[in-house]
Amino acid sequence: MLDEFFPEFTTVFADPLGQAAMHLLRNHQFPADVLVLPTEQLAMVLKEASNRRVGLKRAPQLQEDAKDSIGISEGLQAARLRLRQCLDEVEFWKARLDETEAAMTEALRGTGLAPFLLSVPGVGVVTVASLLGEAGDLNRYEAWRQLRKLAGYNLTENSSGQQQSKTRISKRGRPGLRCFLYQAALSLVAKNAHFKALYQHLKTQDQNRLSGKQALIAVACKLLRVLFTLARERRLYDPAKVLGEYRTNQLGLAA
């Protein structure tokens, strides 16, 4: 809808589902609607919709883009109806996601493991609940490597006769577990200083240097080992113990 009627909108609002953007799409959707408002009034509308986080800079920028918009200016009445229906559907599914996450939080609380598993910076309820949902009771595993095999992250080598292939992950086991661990690794290298440093080290080390994807898989396996240990020993996350003294000093993370 925006590509068709107001393609410049996303240059001003990178996230069209943010509070201020959603308010505009509900009430002042297209260039003609934006230009009707005085700049000061538009800024006030944005400030109120975003709890004063957005306003003074975005309003004139949006109006400048609206003046030169290449969007279609015909059929706006039908377009407004379509857009409202689209936003209703977005909000419906956002509410279902909120309900699902609330149920995950409640179920996780019942395990007694939430304080320990959620103590890892960058790890949230969805990650932890997905792990337990896919793997079940972690006490039934003797070693974290069993979880790695369940996720299909164990290394295998396909060889026959004189031919020897490269070592790869097996990708056997539960694809859901493997997928969410990879997504969790993406979050960790952005939000957790210790896992980020480990990720950068794995990509730049002199020996056995890994590609970006290989390093993420290594981080995912490290996370799996950490979560398994925290759950089994019922203790909080300690970065010094996670990386060890040697690795902590090697990565320049010592206090």
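In the predicted model, glutamine 63 is buried, because its relative accessible area of 8% falls under the 20% limit. This residue lies in helix H6, which spans residues 58–67. A polar atom of the glutamine 63 side chain lies 2.7 Å from the backbone oxygen of leucine 37, and the side chain of threonine 39 is joined to that of glutamine 63 by a polar contact of 2.5 Å. When residues up to four places away in sequence are not counted, glutamine 63 touches Val34, Leu35, Leu37, Pro38, Thr39 and Leu42.

Aromatic pairing was also examined, and the count comes to four aromatic pairs. In one of them, phenylalanine 6 and phenylalanine 9 have ring centres 5.8 Å apart and ring planes at 70°, so the pair is edge-to-face, the angle being over the 60 degrees required for that class. Phenylalanine 6 and phenylalanine 9 are both buried. Together with Phe13, Phe6 and Phe9 form one aromatic cluster.

A further contact was found between two helices, H7 (residues 76–111) and H9 (residues 125–135). The axes of H7 and H9 come within 9 Å and cross at roughly 60°, and the crossing is left-handed. On the H7 side, the contact involves Glu101, Met104, Thr105, Leu108 and Thr111, which meet Val125, Val126, Val128, Ala129, Ser130 and Leu132 of H9. By residue class, the contact of H7 with H9 comprises seven nonpolar, three polar and one charged residue.

Methods. Residues numbered from 1 in each chain as written. Predicted model: local features only at pLDDT ≥ 70, side-chain atom pairs only at ≥ 80, totals over all residues. Heavy atoms only, no water. Axes fitted to C-alpha atoms, helices over the stretch in contact; angles between N-to-C directions. Helix = DSSP H or I, 4+ residues; strand = E, 2+ residues; numbered from the N terminus. Left-handed = near helix turned anticlockwise from the far one by under 90°. Contact = heavy atoms within 4.5 Å. Nonpolar A, V, L, I, M, F, W, Y, C, P; charged D, E, K, R; others polar. Buried < 20%, exposed > 50% of the residue type's maximum accessible area, 1.4 Å probe, protein only. Polar contact = N/O pair within 3.5 Å; in protein donor to acceptor, adjacent residues only side chain to side chain. Phe/Tyr/Trp six-rings, centres within 6.5 Å; stacked < 30°, edge-to-face > 60°.
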